[in-house]
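Dear colleague,

I am handing over the structure below, together with notes on what was found in it. Please read the notes with the coordinates open beside them.

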Amino acid sequence: DSNSEVAGDHLRVIADFLPSPIFYCDRSRVCRYVNPAGAEWHGRTTEDLVGKDIGEFIEDGLVEILRERHTRVLAGETLKFEESRVFEGDTTRRVQTEYVPHKTGDGSVVGFFVLLTDVTEQYRTKMEAKDAAEQLRMISNAVPAQISFLDRNRRFVMVNSTAAEWFARDPEDIVGRKVDEFFGPKFSEKTNKLVDKVMSGERVDYQSNYTFPDGVSRALDMTYIPIVRADGSIDGYIVLAYDVTEFKRVEDGLRLLATTDSLTGVLNRRRFLEVCNEEIVRARRY
């Protein structure tokens with residue numbers, strides 16, 4: 001009717017001004033409408049494309065693939081794909097393609113719409129972020145320290161290979177689990193105040209000794225770093241743990257050598273005088 005024709009004209013005007021290509025094809029895959037953006041992407045005019053089989057202006061490598069998709073959309077299925085395609089002028093675009101069946105009132109399919117959206121920039125940003133994340137993972141795995149990312153609920157989000165080794169688990173077996181599952185609830189009780197500090201935005205450094213699931217007791221230099229988002233919110237924290245067991249052993253050995261006689265094992269003169277001075281100070285205080 002006249003109302004439908006007016007509505008159709010309005011939609012056509014809107015589609016003509018959209019920056020994304022829009023095609024409409026009948027059941028024979030003949031193009032019955034294409035907006036200017038669609039014609040431009042293919043290096044043609046709208047008059048060049050309307051009335052042509054859609055296969056005539058599609059790159060050769062996609063003809064069979066698109067034919068299979070057209071069969072599916074003409075069967076009533078709505079489809080969405082994302083892929084890289086080469087258009088006029090050897091322009092490569094990352095394109096999200098949607099196929100929408102055109103159904104009449106009785107449900108029969110008389111054609112289909114094709115909507116193309118250029119997502120090249122979003123895809124590039126996503127891939128750059130993915131590459132950066134992979135580089136960060138490679139760096140973290142090369143660091144001889146435990147690196148863990150935890151969320152607000154003290155659940156592991158990511159661990160490096162050193163952490164996986166200390167926990168005697170594959171990284172996939174650690175991610176998603178809570179700290180309690182490895183150290184028990186008493187550990188959380190002891191470190192709750194530290195976590196509260198880091199979740200308030202404060203960096204926390206301390207030293208401690210832990211016996212890990214691999215059975216090894218380690219002296220650790222621990223650092224908790226809050227993960228601060230752009231809006232200032234904190235939704236987790238990073239744990240850096242350096243194994244200083246050997247350093248502590250050497251330090252204790254050097255301290256022993258510096259304060260005792262190597263032959264008898266008793267305090268040497270220097271340490272003896274230090275102890276005497278400490279006792280004199282204590283005696284005077286009390």
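Among contacts in the chain between residues at least 6 apart in sequence, what percentage join residues at least 24 apart? The share is 37%, where contact means heavy atoms within 4.5 Å.

Before the details, a word on conventions. This is a predicted model, in which local features need pLDDT of at least 70 and side-chain atom pairs count only at pLDDT 80 or more, while totals for chains, interfaces and linings use all residues. Residues are numbered from 1 along each chain as its sequence is written, and side-chain values use heavy atoms, with hydrogens and water left out.

Overall form

The chain holds eleven helices and ten strands, these being DSSP runs numbered from the N terminus (H or I of at least four residues for helices, E of at least two for strands). Its radius of gyration is 34 Å, whereas a compact globule of 286 residues would have one near 19 Å; the radius is taken over C-alpha atoms, and the globule rule is 2.2 Å times the number of residues to the power 0.38. Along the principal axes, the C-alpha atoms fill a box of roughly 110 × 40 × 30 Å.

Of the 286 residues, 34% are buried (under 20% relative accessible area, with exposed meaning over 50% and partly exposed in between, for a 1.4 Å probe and protein chains only). The chain exposes about 18000 Å², of which carbon and sulfur atoms supply 53%; accessible areas come from the Shrake-Rupley method with a 1.4 Å probe, and for residues only the protein chains shown count as cover. The 40 positive and 49 negative charges have mean positions 9 Å apart, counting Lys and Arg as positive and Asp and Glu as negative, without His or the chain ends, and placing each charge at NZ of Lys, CZ of Arg, CG of Asp or CD of Glu.

Around strand S1

Aspartate 26 belongs to strand S1, residues 22-26, and it counts as buried because its relative accessibility is 14%. Its side chain reaches the backbone nitrogen of serine 28 at 2.8 Å, and a polar contact of 2.9 Å joins it to the side chain of arginine 32 (a pair of N or O atoms within 3.5 Å; within protein, one must be able to donate a hydrogen and the other to accept it, and residues adjacent in sequence count only if both atoms are side-chain atoms). Not counting residues up to four places away in sequence, aspartate 26 touches Arg32, Val110, Gly111 and Phe112.

Two arginines with positive phi

Most residues other than glycine have a negative phi. Arginine 29, in the loop between S1 and strand S2 (31-34), has a positive phi of about 70 degrees, and at 8% relative accessibility it counts as buried. Arginine 154, in the loop between strand S6 (146-151) and strand S7 (156-159), has a positive phi near 60 degrees, and it counts as buried at 9%.

Towards helix H11

Asparagine 268 lies in the loop between helix H10 (245-259) and H11 and is buried, with a relative accessible area of 19%. Leaving aside neighbours within four places in sequence, asparagine 268 is in contact with Leu257, Ala258, Thr259, Thr260 and Asp261. Valine 275 sits in helix H11, residues 269-285, and counts as partly exposed because its relative accessibility is 24%.
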